[in-house]
Amino acid sequence: MEHYLFTQLKFVRSQTLKLIEGVTEETADRVPEGFRNTIRWNLGHVYVVLERYIFQYLNLPQQLPAGFKELFEFKTTPLNWPSDASIPTLAELEQLLAGQLERVEAAIAHRLNETLPQPYTTSTGLTIETPEQFCSINLFHEGMHLSVIKLYKSLLARG
């Protein structure tokens, strides 16, 4: 039987992917007034953070395309992307996001409660010590970005 966290992760990811249906490449790159990121950045960021949470901190191989860390990591913004950066298309991001959770589940389903050799403390001060805790905080993290994407779509539709 699948652990409830994987069911929830898949549900949230399906909502993220459903939300970008119909978003154009042009819309994905527009920064709403008063903000510093785009729909494309939020999608890449969601992907990069889960790669870090599950694979990097557990010393497992990441599937991180070249340049993703520089484009989508915490505190990055498309406003500072180099003009020669290789920016992934929405289709590429969608494909990466769609396949990520299968790899996550295969890598950690049998080790959810394993204590990490080095606990991780988030930028907001939460200490995480197990893969299960990383999955749990990822639900919050992706949900936050899902809400931002919804907001951006609404703001960008207005003009």
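**Exercise 1. Find the handedness with which α1 passes α6, then describe how the two helices pack.**

Step 1: α1 passes α6 in a left-handed crossing, meaning that the near helix is turned anticlockwise from the far one by less than a right angle (clockwise would be right-handed). Helices here are DSSP runs of H or I with at least four residues, and strands are runs of E with at least two, numbered from the N terminus.

Step 2: Two packed helices are described by the angle between their axes and the distance between the axes. For α1 (residues 4-19) and α6 (residues 131-158), the angle is about 15° and the axes are 10 Å apart. Axes are lines fitted to C-alpha atoms over the stretch in contact, and angles run from 0 to 180 degrees between N-to-C directions.

Step 3: Now look at the residues in contact, that is, with heavy atoms within 4.5 Å. Among them are Leu5, Leu9 and Val12 of α1 and Leu139, Leu146 and Ile149 of α6. The contact divides into 9 nonpolar, 6 polar and 5 charged residues. Here Ala, Val, Leu, Ile, Met, Phe, Trp, Tyr, Cys and Pro count as nonpolar, Asp, Glu, Lys and Arg as charged, and the others, Gly among them, as polar.

A note on the model: it is predicted, so local features need pLDDT of at least 70 and side-chain atom pairs 80 or more, while totals for chains, interfaces and linings use all residues. Residues are numbered from 1 along each chain as its sequence is written, and side-chain values use heavy atoms, without hydrogens and water.

**Exercise 2. Describe the packing of α3 and α5.**

Step 1: Helix α3 (residues 39-56) and α5 pack at about 20°, with axes 10 Å apart. That makes α3 roughly parallel to α5.

Step 2: The crossing of α3 and α5 is left-handed. Its contact includes Leu43, Val46 and Tyr47 of α3 and Leu93, Leu97 and Val104 of α5. By class, there are 14 nonpolar, 2 polar and 3 charged residues.

**Exercise 3. Is Arg111 buried or exposed, and what does it touch?**

Step 1: Locate Arg111 in the loop between α5 (90-108) and β1 (120-121).

Step 2: Its relative accessible area is 17%, so Arg111 is buried (under 20%; exposed is over 50%, partly exposed in between, with a 1.4 Å probe and protein chains only).

Step 3: Beyond neighbours within four places in sequence, Arg111 contacts Leu58, Leu60 and Pro131.

Conventions: Parallel < 35°, antiparallel > 145°, perpendicular 65-115°, else oblique.
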